[in-house]
Amino acid sequence: MASTAVSLANAVSKSFIFSHNRLSISPFRNATSYHNINNFRKIKPFTHSYFIKCLHSSSLQEEAAVKPQHRQSPTISTSNIVDILQQRGLLDSITNHDMKSQSTLKVYCGFDPTAESLHLGNLLGIIVLSWFQRCGHKVVILMGGATARIGDPSGKSVERPELDTKAIENNTMHISDIITKILENSGGTESFEILNNYDWWKDFKMLDFLKQVGRYARVGTMTAKESVKRRLESEQGLSYTEFTYQLLQGYDFLHMFQNMGVNVQIGGSDQWGNITAGTDLIRKILQVDGAYGLTFPLLLKSDGTKFGKSEDGAIWLSSAMLSPYKFYQYFFSVPDADVVRFLKMLTFMELEEINELEDSMKRTGYVPNTAQRKLAEEVTIFVHGQHGLDEALKATETLKPGADTKLDWKTIEAIAEDIPSCSLPYEQVLNISIVDVSVSSGLIDSKSAARRLLKQGGLYLNNSRVDGENKRIEVEDIIDGKILLLSAGKKNKVVVRIS
């Protein structure tokens, strides 16, 4: 009887989740607040509500004093956040310029956990949140544990694939951890909260939603949104699920405005329709003003293409999915035409310093890539911290042909995932000509090409230029008896593991 009672109680405690064209069942889970960041990192996946306090203990300050760190921007006047964003190219649209006169704001940005990591396209949202922090405002990160089950149609030509609950919980945990690490070290003085919209959606019944929210939504207004209009005109069309996504996001804003004092929502320019859906609901349902929406532009190159993709795919913010070295190198390769704009948008450098750097680029004697190096350093330390930057700089120096850095097996193994590698038997390496090893390792296609490159001075063994065609691999060339680093020019490299 006891087990039957427990089973019945569990069944009763389950709640229906409204997910538009389908109803799914999920166990009820209580939201929990965490006031200590160490506790936060130990929590199990999918704890719904976290409160993270920025730590400023004396021990941390002592540690920072011992090791030189990149300087953090000081807290700025609370009233000029809109001006700051505008000056740095981070303001696209704003619902009401009265926001400039507000001394204290509570701002949120939403992130649907559709992958284990955020990518470069999400970084602008975190940077804008950090600017609000630096200006003394309160910051909220909203994880879309509910909305990720639906899928935002904004900027998408087809419906997003459906994610299972376990994947959403796992993604939520990883993304929360990434944002926490970034904002903890970003230099803001205000604490921040991480919430999950599943907390208020899990008990929301469909009839209640239609009565409380749906009656205030006008289909004409909803279909006029640019993201909806584009999909309706496409061959794929738009599902009812995706069509009502804007109401879910709109209600998120209303819920947090009413219950948590959140009065600003930010997002990319493609989120304008979803953001204004929220300000409209607040005005119609609560019949009050004081809710603001602000969008920042999408990150584009000067040629109009999206910035944030490489040949290998997305530029992830997680070091587990993209090493700090590759992250650093992506920014180091930014063209001159874009680097100044990206310094303004993606770093917290003073504008005077950026303008100075821009002027120096036009002067004789400017060292190429100085601006790019500064951009790469600033963005890498913001996302990956000082340790990540140190790792990226060490790897960069290690892989630079002609560098004086002493190579060791551990250093090369640490970056081996970022460059091509192969394994060759000992007998196919020792006393074999450098030309043959260059071909057998896959570095160069043919012996004739290898000889040609060698004569041009472009073939390197362990960062040292190979000067003679007769060079053979000797015992002392094999680093720690385990590995070789071959380079064809500055960019093409291969790690040869000796088996």
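Cys422 is buried, with a relative accessible area of 16%, where buried means under 20% relative accessible area, exposed over 50%, and partly exposed in between (1.4 Å probe, protein chains only). Cys135 is buried as well, at 0% relative accessibility. No disulfides turn up in a search of the whole structure, a disulfide being a pair of cysteine sulfur atoms within 2.5 Å. The model is predicted, so local features need pLDDT of at least 70 and side-chain atom pairs count only at pLDDT 80 or more, while totals for chains, interfaces and linings use all residues. Residues are numbered from 1 along each chain as its sequence is written, and side-chain values use heavy atoms, with hydrogens and water left out.

Turning to charged contacts, the structure holds 11 salt bridges, each a side-chain nitrogen of Lys or Arg within 4 Å of a carboxyl oxygen of Asp or Glu. One of them pairs Glu193 with Lys106, with the closest N and O atoms 3.1 Å apart. This pair links distant parts of the chain, as Glu193 lies in strand β7 (residues 192-196) and Lys106 in strand β5 (residues 106-111), 87 residues apart. Helices here are DSSP runs (H or I, at least four residues), as are strands (E, at least two), numbered from the N terminus. Glu193 and Lys106 are both buried.

Glu242 and Arg231 form another salt bridge, their closest N and O atoms being 2.9 Å apart. Glu242 lies in helix α11 and Arg231 in helix α10 (residues 226-233), so the pair ties together parts that are 11 residues apart in sequence. Both partners are buried, Glu242 with a relative accessible area of 2% and Arg231 at 4%. Elsewhere, salt bridges that share partners join Lys471, Glu474 and Asp477 into one network.

Helix α11 (residues 240-243) also contains Tyr240, which is partly exposed at 47% relative accessibility. Together with Met206, Leu207 and Leu210, Tyr240 forms a nonpolar surface patch with about 410 Å² of accessible area. Helix α8 (residues 206-212) supplies the largest share of this patch, three residues. Patches are made of residues with over 30% relative accessible area and no salt bridge, like charges being joined within 9 Å and nonpolar side chains (Val, Leu, Ile, Met, Phe, Trp, Tyr) within 5 Å; the areas come from the Shrake-Rupley method with a 1.4 Å probe, and for residues only the protein chains shown count as cover.

Strand β15 (residues 483-488) is largely enclosed by the rest of the structure, because six of its six residues are buried. In a regular strand the side chains alternate between the two faces of the sheet. In β15 both faces are covered, with Ile483, Leu485 and Ser487 buried on one side and Leu484, Leu486 and Ala488 buried on the other. Strand β13 (residues 459-461) runs antiparallel to β15 and is joined to it by three bridges, two strands being paired if DSSP finds at least two bridges between them. Leu461 stands opposite Leu486 of β15. Six bridges join β15 to the antiparallel strand β16 (residues 492-498), in which Arg497 is the bridge partner of Ile483. The hairpin of β15 and β16 has three residues between the strands, and Gly489 takes a positive phi near 75 degrees there.
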